[in-house]
Amino acid sequence: MIIRPGVFISDRYEIIDKVGSGGMADVYKAKCHRLNRFVAMKILKAEFSDDKKFVEKFRAEAQSAAGLSHPNVVNVYDVGEENGMYYIVMELVEGITLKSFIERKGKLEVKEAVGIAVQIAQGMEAAHSNHIVHRDIKPQNIIISKEGKVKVTDFGIAKAVTSDTITSNAMGSVHYLSPEQARGGFSDEKSDIYSLGVTMYEMLTGRVPFIGDNTVSVALCHLQDDPIPLRDLEPGIPVSLDRIVQKCMQKKPEYRYLTASDLIADLKKSLSNPDGAYIQILSKRVVEDSPTISFSDEDMQKIKSAASAGAEREEYIEKSISPRRENQYTSRNEDYEDEDEDYEDEDEDVNPTLEKLMSIGGVIAAIVIVFIIIFIIVKASGIFGGGKTKPEETPVVSVNPTTETTIEPTMEVQNEVPDVTNLRLSDVQSQLERLGLKVNVTEEESESLDAGYIIRQDLEEGTKITEGMTINLVVSKGKKVVPTIPNVVGYTANDALTTLQRAGYLVTQETEYSDSVAEGKVIRTSPASGKNAEKGTKVTIYVSKGKEDTSVQVPDLRGCTLAQARKKLENQGLVLSDTVGYEYDDTVPKNQVISQSFTVGASVDKGTVVSVTISLGKQKTYRYIGSITISDNPFVAEDETGNIKLTLKQDGKTKTIYEGSHGLGDFPLVIKDIEGYSNSTGQVYMYLDGAFAGGPYNITFKQVEE
């Protein structure tokens, strides 16, 4: 099957686009039409589909990852096969990889790096509690979402710890490989912790600890060399964080943090006590100016157990795979053949003599402890000394919750209850049990004590211990953490619904118009994103209906009075302009609309301002009428006649107002109904047969309406 946009897989998943490619599989963005949400699909490459070994590994990845459900782990929704094509359906996380984030910033701030490391470790903790080892922790496999959530992804080489399977070649990126993985030996949870240490190193300095010309040289550095100390590269890095990274990157697995939860506790502590010397590192290297650090019996027992289990597993593995060692290194890299002898015989941290001495010392210590216990029992039974007890020196753990753990010997009566409030449960539980007390633990939140510290006890200090006595301890769960509402603004309604429901909220949906948010996307939430809200809180998402269609048609205002025009516009959601024009019009009656600024029926937005022109009615016209009597007679003889012409000059204009044939007896000459230009005074001039004959004679006019 050719995978391209638009293709449906299993009649459910529609391929949208290719988003990445890995060593064994391609990753696509797809849409699940059954649940109407976007997902990421990892599809095994065609060249590996016929390889049973790869198919099994691919299926193992799905089965391993499907067992995880944690905010810092990319969730797996489905796994399937269609026509020989194998796929995994996962949560789609939109964001960038930690590798890209580091490359953009060069290096991260201390608090920022610690915050990211804690979230990665929390994801690892969830995997390890399900007996899953990632085996490929690196910045490329860490995604930072748009909301700032850190998620571990790509369990491409993860396998169940209980499977007792050894990889035949070193998987994962060599720059983040643990020494035991580089050697081809057994890897477990502490291998992930080493890789996280390398990742923290890169976050804080902007570079990986070991750089070589090829994969073999880098792998050898992991096996043999110490990285440049963080504070040599970046003096501003706190001492505690430097030591945390050192402990994560110890060559011997049992010298590292034994669990991700221990690492998380120290990372959080480094923020409040950055320069504290509470990080305990076991190594053959002795630092002259380092303070003396005491270990509790419980810590020593953990280390011995881890070392013993690791040694037994290494011995079993070496015996079972040594005949194939040469082939394994050849398949990984031909250059490994020359180093094969060194890898099998190398013990990079502790020499055999020291290990024997430590083992002998452990046996001697155990014998001494047995004798002490026998002595205490004998003393308590009264066989010697009449049954009277004598105060003995017993080590009592004293812990300041905000500083490091120390062991201080104080005088305590062994058959009396000590005060263990404000102490860490893990430090005192075994001691209480050795005193003969049964320890019952309940938890509650505390604003003053970190998680794991004892808030109160029901037996008062000094209470005599009797057989079968139980001490009830209330232990802090830490401060009550009220989650914040995720930011789903811009999400589709379904994606927002899924995100909020997974966070534990009850979700309702409303719709409203928005000029800026596309239809179907979330405009806002109530309560707003980022607000603290308990799980189970009702959260309303407001989904955009798109831009509201506010267009209306412009009504015909012609012939309306001003008041009528305003009313018509208001009915349509439009506004009449304050500026009104007025004109004379011979056809439109006075005070009615002659014209409007928008064509009738035009589509405009609500609130648009429309202007109009109002008729002043038909414009009035006037005539200016005057009369004149001319007494001057231009004739002398009675029989003389001629053409008399009168001209008017008024307002700079000239026109003939009269012309006719006259004689001596026609004078004085009276001319009536002369039309002038205005009501101003004019001058009349007389001409006889074209020659000037008299004037000027003043003439006045009267205004007469037509």
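What is the handedness of the crossing in which helix 4 passes helix 10? The crossing is left-handed, a term used where the near helix is turned anticlockwise from the far one by less than a right angle, right-handed being the clockwise case. The model is predicted, with local features requiring pLDDT of at least 70 and side-chain atom pairs counted only at pLDDT 80 or more, while totals for chains, interfaces and linings use all residues. Residues are numbered from 1 along each chain as its sequence is written, and side-chain values use heavy atoms, with hydrogens and water left out.

Helices (H or I, at least four residues) are DSSP runs numbered from the N terminus. The axes of helix 4 and helix 10 (residues 260-272) come within 9 Å and cross at roughly 160°, where axes are lines fitted to C-alpha atoms over the stretch in contact and angles run from 0 to 180 degrees between N-to-C directions. The two helices are therefore roughly antiparallel to each other, the class for angles over 145 degrees. On the helix 4 side, the contact (heavy atoms within 4.5 Å) involves K111, V114, A117, V118, A121, Q122, E125 and H128. Their counterparts in helix 10 are A260, S261, L263, I264, L267, K268, S270 and L271. The contact residues comprise nine nonpolar, four polar and three charged; Ala, Val, Leu, Ile, Met, Phe, Trp, Tyr, Cys and Pro count as nonpolar, Asp, Glu, Lys and Arg as charged, and the others, Gly among them, as polar.

Helix 4 (residues 110-129) also packs with helix 6 (residues 189-205), at an angle of about 165° and with the axes 10 Å apart. That angle makes helix 4 roughly antiparallel to helix 6. This crossing is right-handed. Helix 4 contributes V110, A113, I116, A117, I120, A121, M124 and H128, and helix 6 contributes E189, D192, I193, L196, M200, M203 and L204. Of these residues, 12 are nonpolar, one is polar and two are charged.

K190 also lies in helix 6. K190 is buried, with a relative accessible area of 10%; buried denotes under 20% relative accessible area (1.4 Å probe, protein chains only). Apart from neighbours within four places in sequence, K190 contacts E180, P253, E254, R256, Y257 and L258.

Helix 7 (residues 215-224) is mostly covered, seven of its 10 residues being buried. The buried residues are V216, V218, A219, L220, C221, H222 and L223.

How values were computed:
Buried < 20%, exposed > 50% of the residue type's maximum accessible area, 1.4 Å probe, protein only. Parallel < 35°, antiparallel > 145°, perpendicular 65-115°, else oblique.
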